[in-house]
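Thanks for sending this one over. Have a look at the sequence and structure first, then read my points alongside them.

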Amino acid sequence: MSRTPQEVFADHANRLGTGDLDLISRNYTEDAVLLTPESTLTGREGVRRGIGALLARLPDADWQLNPRFAGDVLLLRWSATTDTHEVTDGVDTFVFRDGLISAQTVHYTLIPRTA
C-alpha cells in the first residue's frame with residue numbers, strides 16, 4: 001500500500017532531523033529530480049548532495065515548516081535559524097509518485113545572524 005503525500009512528507013521531515021543523508025534519500029524515487037537555483041541534481045545521489053549542502057549551511061537548525069498540499073503536490077514555506085545564520089524565505093515544491101518524492105524545487109536566502 002502506497003503512502004499518502006502527507007505521510008511521506010511527515011516521514012521526510014523526521015528524517016531531516018537525523019541528518020542521515022542515506023535515510024533521507026530513501027523517501028525519493030530512484031530517478032528523482034532536485035532543482036535549485038544553482039543546479040539540477042538527479043537520483044538519490046543528487047538528493048544526498050543537495051540536501052547535504054543545505055544541512056551543512058544550517059547545522060542543528062530550528063525549522064519552522066508550513067506545508068500546503070494539493071493532491072500529489074506540496075508547496076512548503078519554511079524558515080530555519082541556527083546560531084550563525086537564518087533563512088526566512090524558504091520555499092520548496094514537492095511532487096509525489098507511488099509513495100515517494102519524485103521531484104523537488106528548493107529556494108532560500110541564507111542570511112548571517114547579527115548579535
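Below are a few numbered points on rings, one serine and the pockets.

1. Before anything else, keep in mind that this is a predicted model. My numbers are all computed from it, so read them that way.

2. Let's start with the aromatic side chains. Searching the whole structure turns up six aromatic pairs. One of them joins Trp63 and Trp78, a tilted pair with 5.4 Å centre to centre and 50° between the planes. Trp63 sits in strand β3 (residues 62-70) and Trp78 in strand β4 (residues 73-81), so this pair ties together parts 15 residues apart in sequence.

3. How exposed or buried are these two tryptophans? Trp63 is partly exposed, at a relative accessible area of 28%. Trp78 counts as buried because its relative accessibility is 5%, and the cut-off for buried is under 20%.

4. Trp78 has another ring partner, Tyr108: the ring centres are 5.6 Å apart and the planes meet at 50°, so this pair is tilted. It links distant parts of the chain, with Trp78 in strand β4 and Tyr108 in the loop between β6 (100-107) and β7 (111-112), 30 residues apart. Both Trp78 and Tyr108 are buried.

5. Elsewhere, look for the phenylalanines. Ring pairs connect Phe9, Phe69, Phe94 and Phe96 into a cluster.

6. Phe96 also turns up in the surroundings of Ser102, a residue of strand β6. Leaving aside residues up to four places away in sequence, Ser102 touches Thr29, Asp31, Ala32, Val33, Val95, Phe96 and Arg97. Ser102 is buried, with a relative accessible area of 10%.

7. Now for the largest pocket, which has a volume of about 360 Å³. Its lining has 27 residues, and Thr36, Gly50, Leu54, Val106 and Tyr108 are the ones nearest its centre. So Tyr108, the ring partner of Trp78, shows up here too.

8. Which element gives the most to that lining? It is α3, with six residues. At least two residues each come from α1 (5-16), α3 (43-57), β3, β4, β5 (85-97) and β6. By class, the lining of the largest pocket splits into 16 nonpolar, seven polar and four charged residues.

9. The second largest pocket has a volume of about 160 Å³. Trp63 is in its lining, along with others including Ala13, Leu16, Leu55, Pro59 and Leu65. The elements giving two or more residues to this lining are α1 and β3. Its classes come to eight nonpolar, three polar and one charged.

Technical notes: Residues are numbered from 1 along each chain as its sequence is written. This is a predicted model: local features need pLDDT of at least 70, side-chain atom pairs count only at pLDDT 80 or more; totals for chains, interfaces and linings use all residues. Side-chain values use heavy atoms; hydrogens and water are left out. Rings of Phe, Tyr and Trp (its six-membered ring) pair if their centres lie within 6.5 Å; planes under 30 degrees apart count as stacked, over 60 as edge-to-face and the rest as tilted. Helices (H or I, at least four residues) and strands (E, at least two) are DSSP runs, numbered from the N terminus. Buried means under 20% relative accessible area, exposed over 50%, partly exposed in between (1.4 Å probe, protein chains only). Contact means heavy atoms within 4.5 Å. On a 1 Å grid over the protein atoms alone, a cavity is a set of points where a 1.4 Å probe fits but cannot get out, and a pocket is an open set with protein on both sides within 12 Å along at least five of seven lines; lining residues have an atom within 4 Å of a point. Grid points are joined across faces, edges and corners, and a volume is the space filled by probe spheres set on the points. Ala, Val, Leu, Ile, Met, Phe, Trp, Tyr, Cys and Pro count as nonpolar, Asp, Glu, Lys and Arg as charged, and the others, Gly among them, as polar.
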